[in-house]
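Trainee: I have a chain open and want to go through it step by step. Can you take my questions as they come?
Mentor: Go ahead.

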Amino acid sequence: LDPELLAPLWEFSYQHCFFDEKIKNKIVGYYNLRNLKKRLKPILLRREKKDVLKELPNVTQRTIPVSMSSEQFGYHSNYAKGIAQILSKKFITPYDMQRLMLLLSKMRMVCDSTFLVDQETNISPKLVELEHILIDKMDVPNTDRKIIIFSEWVRMNGLIGKMLQKNNIMYAELNGKVPVRKRKKLIETFYNNKDCKIFLSSEAGGSGLNLQIADTLINFELPWNPAKKNQRIGRIDRLGQKNKNLTVLNFVTRHSIEMRIVSGLVLKQNLFEGVLSESNTLDFVDFSSEGRAQFLNQLQDVIGEFDQEDFAPESSGEQESVPSEMAEIAEFAKAENPDESSNGQQEAPLKQAAKQSQPNPAVEKAAQMQTVLTQGMGFLSSLMKMATGKELEMNEKSIEIDKETGEVVMRFKL
């Protein structure tokens with residue numbers, strides 16, 4: 001701050017140091033420290049914890065930045081290109097909006113692990129960092145700490161669970177597939193079993209759970225909606241919490257869509273629910289509203305950033321080729337997040353939209369109808385399962401669109 005404040009070394013030594021009489025330059029003590037303190041006062045701020053204990057926040061949040069691998073970058077940039085293609089269209093239909101939101105979800109998923117998008121590889125710098133923090137930094141196996149780890153993706157929690165098993169760390173796991181009657185037992189295990197150190201949870205545990213025995217919460221990824229993040233923190237920051245200082249660790253992948261979530265790219269709640277919530281139909285949302293236009297403009301700026309070469313990570317070899325279109329969207333829709341809706345049903349597959357130089361109103365209308373029918377069939381399937389214990393038999397060809405005529409065909413077996 002001020003290189004000349006303490007004067008040359010010889011002068012400083014003369015004013016503050018005692019030297020050994022026999023050994024040259026060996027300091028054996030100091031003096032005139034009050035004067036030294038007076039000289040340092042203008043540039044030194046020192047507060048001990050005991051002096052500011054009452055001023056410390058109840059919850060301390062820390063961001064853990066994690067680098068992106070070249071394989072993750074390949075997927076991430078291709079999904080960004082798919083979004084850019086949608087945004088470049090003159091007219092964006094409700095069906096386009098749903099495809100866009102699914103691609104955004106894919107960008108977020110690949111930040112956690114490549115396994116979430118290809119079910120083959122598991123390249124996850126986040127998982128490596130998590131293992132380092134739990135084992136090397138916190139020494140979880142040898143302490144009495146209780147930690148909650150949130151991930152929106154059920155598959156990701158499965159990968160985290162395998163890592164914990166490898167390190168002989170006992171854990172409890174909650175997701176939408178766990179019946180409500182069994183959740184109480186999971187919580188009791190976490191509370192009462194001293195060997196159960198970790199509570200893995202998806203969004204099914206975002207509200208309604210009391211887990212104040214834990215003093216640390218780890219967000220493996222941040223949700224779009226800040227309210228969901230607050231709900232997660234609310235699992236430990238509540239009445240009955242005996243730990244005065246709580247820690248929240250937020251994992252964020254550098255140069256990714258996650259960085260924009262942190263910096264304020266937040267979806268408006270009504271638009272988000274209108275597009276993704278199975279309790280709403282596409283006809284319910286006014287997609288010509290000012291909020292939608294504002295979000296699309298914001299997204300256009302964000303996606304443009306990912307085309308810059310500055311965001312590309314170092315790579316030692318050739319990058320894997322990644323499909324640039326939407327072939328993986330159907331798999332995503334039916335595989336992830338069974339607990340995102342209140343009834344636990346899975347989002348039905350979406351068909352890849354045909355590339356057309358000129359828009360065909362009949363086909364676009366059929367695409368909207370396909371989405372509504374798919375959601376309707378999922379609802380009927382849930383009702384039938386509740387009543388009879390059996391599900392409607394459907395496959396990827398249950399609802400088809402004739403790309404030439406726009407005709408929609410639906411088949412199912414009771």
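Mentor: One term before we start: two strands pair if DSSP finds at least two bridges between them. Also keep in mind that this is a predicted model.

Trainee: Fine. Which way do strand 7 and strand 8 run, and how many bridges join them?
Mentor: They run parallel, joined by four bridges. Strand 7 covers residues 216–219. The bridge partner of L217 is V248 in strand 8.

Trainee: What about strand 3 and strand 8, in what sense do they pair?
Mentor: Strand 3, residues 59–66, pairs with strand 8 in the parallel sense over eight bridges. P65 stands opposite V252 there.

Trainee: Is strand 8 largely enclosed or exposed, and why?
Mentor: Strand 8 (residues 246–253) is largely enclosed by the rest of the structure, because seven of its eight residues are buried.

Trainee: Back up a bit. How many helices and strands does the chain have?
Mentor: There are 15 helices and ten strands. Of the 414 residues in the chain, 44% are buried. Among contacts between residues at least 6 apart in sequence, 72% join residues at least 24 apart.

Trainee: Which residues make the nonpolar surface patch of about 400 Å²?
Mentor: F19, I27, Y30 and L33. I27 is in strand 2, residues 27–30, and counts as partly exposed at 40% relative accessibility.

Trainee: Now helices. How many residues of helix 5 are buried?
Mentor: 19 of the 19, so helix 5 is largely enclosed by the rest of the structure. Its end C-alpha atoms are 28 Å apart, which agrees with the 27 Å its 19 residues should span at 1.5 Å a residue.

Trainee: What span does helix 8 have?
Mentor: Helix 8, residues 154–166, has 13 residues and reaches 19 Å from its first C-alpha to its last, close to the 18 Å expected. Its buried residues include V154, L159, I160 and M163.

Trainee: What covers the buried residues of helix 8?
Mentor: The cover includes helix 5 (94–112), helix 6 (115–118), helix 7 (125–137) and strands 4, 5 and 6. Just after helix 8, N168 takes a positive phi of about 55°.

Trainee: Switching to charges. How many salt bridges does a search of the whole structure find?
Mentor: Nine. One of them joins the side chains of E152 and R108, at 2.9 Å, N to O. E152 lies in the loop between strand 4 and helix 8 and R108 lies in helix 5, so the pair ties together parts that are 44 residues apart in sequence.

Trainee: Are those two buried or exposed?
Mentor: E152 is buried, with a relative accessible area of 6%, and R108 counts as buried at 2%.

Trainee: Which residue does D112 meet in a salt bridge?
Mentor: K126, also listed at 2.9 Å, N to O. D112 lies in helix 5 and K126 in helix 7, so this pair ties together parts that are 14 residues apart in sequence. Both D112 and K126 are buried.

Trainee: And what does E203 form a salt bridge with?
Mentor: R232, with the closest N and O atoms 2.5 Å apart. E203 lies in the loop between strand 6 and strand 7 and R232 in helix 10 (residues 226–233), so the pair ties together parts that are 29 residues apart in sequence. E203 counts as buried at 11% relative accessibility, and R232 counts as buried at 0%.

Definitions and conventions:
Residues are numbered from 1 along each chain as its sequence is written. This is a predicted model: local features need pLDDT of at least 70, side-chain atom pairs count only at pLDDT 80 or more; totals for chains, interfaces and linings use all residues. Side-chain values use heavy atoms; hydrogens and water are left out. Helices (H or I, at least four residues) and strands (E, at least two) are DSSP runs, numbered from the N terminus. The expected span of a helix is 1.5 Å times one less than its number of residues. Buried means under 20% relative accessible area, exposed over 50%, partly exposed in between (1.4 Å probe, protein chains only). Contact means heavy atoms within 4.5 Å. Patches are made of residues with over 30% relative accessible area and no salt bridge: like charges are joined within 9 Å, nonpolar side chains (Val, Leu, Ile, Met, Phe, Trp, Tyr) within 5 Å. Accessible areas come from the Shrake-Rupley method with a 1.4 Å probe; for residues, only the protein chains shown count as cover. A salt bridge is a side-chain nitrogen of Lys or Arg within 4 Å of a carboxyl oxygen of Asp or Glu.
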